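Trainee: I have a new model open on my screen. Could we go through it together, beginning with the core?
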Amino acid sequence: MGETQQAVGRVDHPSASAECPSVAAECPSTEQADLLRRWNGLASGFRELTDRLLAEAQGEVGLPPSSLEVLCFLIASPEQAAPMRLLSQTLGFSTAGTTGVVDRLADAGLVERRPSRSDRRVTYAALTPLGRETATVAAKVFADAVRRRVVEPLGEEGFASFAEAFVTLGLVDESCPGQAAGEPC
């Protein structure tokens, strides 16, 4: 295997530029490597924090994390319903994954599927009365965990800035015309 091929598969450490092959154009700069390390730390930290928050809610509510994510999303959505496509996009689930979670929630009597009034190709997942009760409990547990683990350490202003930064970066569903920053579609 050539030197270039070895470098591609290697996980570099802080001294990455010193270990890079002699052709500098093939290697990230120290600044680029540092930026990527910090980004990876942010991304993995966010995933880990989300997993911990969901695990805490799972312990109290008894539903798997994917179900909790759907219920918490729906309880905060207009009319406590959302198109299946939006669930997939927002929660990062595949179409099949979203269908599976909604199927399990429907079997448990927590959600129902509703056709769109304006587009017969669109199906909504909507909370049932039992789903509203369960989602309310889940949302309170999850929100309390967010407050304790995120808002308190960052402070109200820090958390607001953090949340606004994600909106500023364009991490908002553009398929929701007229959506105000921070509002669900």
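Trainee: Which residues touch the most other members of the largest nonpolar core?
Mentor: Val70, Leu71, Leu74 and Leu87 do, in a core of 26 residues. A nonpolar core is a set of buried Ala, Val, Leu, Ile, Met, Phe, Trp, Tyr and Cys residues joined through side-chain atoms within 4.5 Å. Buried means under 20% relative accessible area, exposed means over 50%, and partly exposed lies in between, with a 1.4 Å probe and protein chains only.

Trainee: Which elements each supply at least two residues of this core?
Mentor: They are H3, H4, helix H5 (84-91), helix H6 (95-107), E3 and H7. The largest share, 7 residues, comes from H4. Helices (H or I, at least four residues) and strands (E, at least two) are DSSP runs, numbered from the N terminus. Apart from this core lies another, of 5 residues, among them Leu53, Ala145, Val146 and Val150.

Trainee: Before we continue, what should I know about the model itself?
Mentor: It is a predicted model, in which local features need pLDDT of at least 70 and side-chain atom pairs count only at pLDDT 80 or more, while totals for chains, interfaces and linings use all residues. Residues are numbered from 1 along each chain as its sequence is written, and side-chain values use heavy atoms, with hydrogens and water left out.

Trainee: Back to H4, then. How many of its residues are buried?
Mentor: In H4, 9 of 11 residues are buried, so that the helix is mostly covered. The buried ones are Ser66, Ser67, Leu68, Val70, Leu71, Cys72, Phe73, Leu74 and Ile75.

Trainee: And what is Leu74 in contact with?
Mentor: Leaving aside neighbours within four places in sequence, Leu74 is in contact with Gln80, Ala81, Ala82, Leu87, Val111, Ala125 and Leu127. Contact means heavy atoms within 4.5 Å.

Trainee: Gln80 is in that list. Where does Gln80 lie?
Mentor: Gln80 lies in the loop between H4 and E1. This residue has a positive phi of about 50 degrees although it is not a glycine. Glu79 is found in the loop between H4 and strand E1 (81-83), and its phi is also positive, near 60 degrees. Most residues other than glycine have a negative phi.

Trainee: Is Glu79 buried or exposed?
Mentor: Glu79 counts as exposed, because its relative accessibility is 64%.

Trainee: Changing topic: how does the span of H3 agree with its number of residues?
Mentor: The 32 residues of H3 should span 46 Å at 1.5 Å a residue, and the end C-alpha atoms are 46 Å apart, so the two values agree. The expected span is 1.5 Å times one less than the number of residues.

Trainee: Which residues of H3 are buried?
Mentor: Ala33, Leu53, Leu54, Glu56 and Ala57 are buried, and they pack against H4 and H7. Just after H3, Gly62 takes a positive phi of about 85 degrees.

Trainee: What does H7 span between its end C-alpha atoms?
Mentor: Helix H7 (residues 129-168) spans only 36 Å, whereas a straight helix of 40 residues would span 58 Å. There is a kink of about 115 degrees in H7, centred on Gly155. The bend at a residue is the angle between axes fitted to the seven residues ending there and the seven starting there.

Trainee: What covers the buried residues of H7?
Mentor: The cover includes helix H3 (30-61), helix H4 (65-75) and E3. Among the buried residues of H7 are Gly131, Thr134, Ala135 and Ala138.

Trainee: Finally, how many helices and strands does the protein chain have?
Mentor: The chain has 7 helices and 3 strands, in the pattern α-α-α-α-β-α-α-β-β-α along the sequence. Buried residues make up 29% of its 185 residues.
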